[in-house]
Amino acid sequence: MRSLVFGAALLAVAGCAQFDKLGNTMTLTGGGAVRQGAPVRSATNGEGVGVKVVTRAVPKRGLEVVIPSRDANATLSLAGRNGTVETWRSGDDITVSVDRGVVVATRGLGDDLMAADSGPTLAALRSAKLDAYRRTYRFLTADNHADYVLLGCKMTAAGNETLAGLKLLRHEEQCRNPKMAITNIYWTDETGRIQAGRQWVSPTVGQIAIGVLD
């Protein structure tokens with residue numbers, strides 16, 4: 001059984017130190033450095049941030065989640081399914097909901113993503129003709145009202161990369177509106193399945209990296 005974490009060293013040196021505690025690490029080959037998506041209301045892109053792949057044996061299928069802004073990582077267990085959406089839970093009741101590789105909700109992180117649409121992203125990954133599309137993120141305000149963020153997006157194929165022995169195609173999803181800009185990254189296999197991703201979830205949490213452990 002082989003477990004994979006893609007995009008482990010995402011944002012900071014502190015994250016790298018944390019990942020080294022997990023076990024053996026292998027450096028990404030075939031793709032060079034990963035570009036960090038622009039944080040909310042920030043003009044920097046974090047160029048030159050490296051990627052590492054962490055491998056270790058695990059007893060069962062899980063979702064490996066790395067949160068660089070919290071210097072945290074965990075393997076989440078499958079808690080339930082609703083159609084194509086799988087919800088994964090940690091031992092301290094943090095959950096991440098994923099629709100075929102696209103993060104659509106989190107709970108227990110404080111500044112949570114209440115919901116996000118996945119359809120436009122999945123369609124863009126399947127079609128090279130979809131030049132522009134929109135995505136919606138939903139958050140709760142301090143007074144428990146829904147706050148919707150609408151972003152215009154485009155998907156580009158950034159080339160082939162080899163991660164932990166798997167040959168994958170890297171896609172970069174760039175989304176923006178007048179107030180913010182983000183970049184999500186997805187790695188897909190030859191069947192088009194998302195094997196791992198690095199995705200933005202909220203202003204304070206920032207991006208998280210996920211990889212399914214089979």
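Predicted model: local features only at pLDDT ≥ 70, side-chain atom pairs only at ≥ 80, totals over all residues.
1. Residues are numbered from 1 along each chain as its sequence is written, and side-chain values use heavy atoms, leaving out hydrogens and water.

2. On to the fold. The protein has 2 helices and 14 strands (DSSP runs numbered from the N terminus: H or I of at least four residues for helices, E of at least two for strands). An open sheet is formed by 12 strands in the order S7-S6-S5-S4-S3-S14-S13-S12-S11-S10-S9-S8, with antiparallel pairing (two strands pair if DSSP finds at least two bridges between them). Its edges are S7 (102-107) and S8 (115-116), each pairing on one side only.

3. Within S5, tryptophan 88 is the bridge partner of leucine 78.

4. Now for helix H2 and one of its residues. Helix H2 (residues 119-126) lies across several strands, including S9 (133-140) and S10 (146-163). Threonine 121 sits in this helix and is buried, at 0% relative accessible area (buried means under 20%, with a 1.4 Å probe and protein chains only). Its side chain makes a polar contact of 2.5 Å with that of glutamate 173 (a pair of N or O atoms within 3.5 Å; within protein, one must be able to donate a hydrogen and the other to accept it, and residues adjacent in sequence count only if both atoms are side-chain atoms).

Conventions. Contact = heavy atoms within 4.5 Å. Axes fitted to C-alpha atoms, helices over the stretch in contact; angles between N-to-C directions. Buried < 20%, exposed > 50% of the residue type's maximum accessible area, 1.4 Å probe, protein only.
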